[in-house]
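Thanks for asking me to look this over with you. Please have the sequence and the 3D view open as you read my notes.

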Amino acid sequence: MRYLNLKRNKIIGLISSVPLEGNFFTRRLKYTGKAINKQTGIFTGRLSGKDVVYSISGIGKTNASHATTLLIHNFAPELIINFGVGGAYPYSGLGIGDIAIAEKEIYGDEGVFDKKGLHGVDFIGIPFLKKGRRIYFNEFPFHKGLVRKVAKAVEASLVPQPAVTHLPKRDKRMANTSSGIFVTVSTCTGTRERAIELGKKFNAICENMEGAAVAHICCEYDIPCIEIRGISNIVEDRDTGKWDIRLASENCQKALLGLLNLL
């Protein structure tokens, strides 16, 4: 079903779930408008020479869907970039402060749970979305060519990062970047056992709470979408003392600025 025949504007949509994920680049944003919604902050401006509209969605799938829909209906951007922090699954090869780029988003806990485990909504036989001959159950892939372009741009933007002082000592290094499958969940994973289970089930590298919803709505309206996240923690037995949300967020925003410069 097509809800709107949108004429895209020369503006790039940016979405993060909380203000912290955008506070580094908002200091560089030249505002040209005010928030248009009291609950969901949506701001227009110029960043890295591009016209942008930035939405702070709030956490979770429902908030993300709402914010994405508002952004599309009010601005019809030519591209939406979903960004923020996320957790890396064990054996993903990612470390704290690294950058992950989504090749595909998966609703990780939508479907049916029985004695054999979790099944997607294809088990029920009712898709989330039909677009012509394409049927979407739990998975929403991103355009491969766009993902490759984003990966090259992000890699070119990365700079050496400081060691994380409260973790085991390590030398200064370049933040790594990796592309792979993301999983969106309603309940954050807080055990290593569950993290390994999800990582293996979906062959995934990163977990978050909004990405699949944003990808879903963008697919609905035929708006190109990409997603980049800074890694704040390894998904394991929950210990926030090992996390570095500030570093992850700042590195992600630096990567975003570099990406905007090269788009």
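The points below go from confidence to strands and then to aromatic rings.

1. Please keep in mind that this is a predicted model. The mean pLDDT over the chain is 89, and 88% of the residues reach at least 70. I would flag residues 163–172, where pLDDT stays under 50. For that stretch the model has 16 contacts beyond four places in sequence.

2. Is strand S15 buried or exposed? S15 covers residues 204–208, and five of its five residues are buried, so the strand is largely enclosed by the rest of the structure.

3. Which strands pair with S15? One of them is S14 (residues 177–184), which runs parallel to S15 and is joined to it by four bridges. Within this pairing, Phe-182 has Cys-206 of S15 as its bridge partner. Strand S5 (residues 77–88) is antiparallel to S15, and two bridges connect them. Here Gly-87 is found opposite Glu-207 of S15.

4. Now to the rings: the model has six aromatic pairs. Do have a look at Tyr-107, Phe-128, Tyr-136 and Phe-140, which ring pairs join into a cluster.

Terms used. Residues numbered from 1 in each chain as written. Predicted model: local features only at pLDDT ≥ 70, side-chain atom pairs only at ≥ 80, totals over all residues. Heavy atoms only, no water. Buried < 20%, exposed > 50% of the residue type's maximum accessible area, 1.4 Å probe, protein only. Pairing = 2+ DSSP bridges. Phe/Tyr/Trp six-rings, centres within 6.5 Å; stacked < 30°, edge-to-face > 60°. pLDDT = per-residue confidence, 0-100. Contact = heavy atoms within 4.5 Å.
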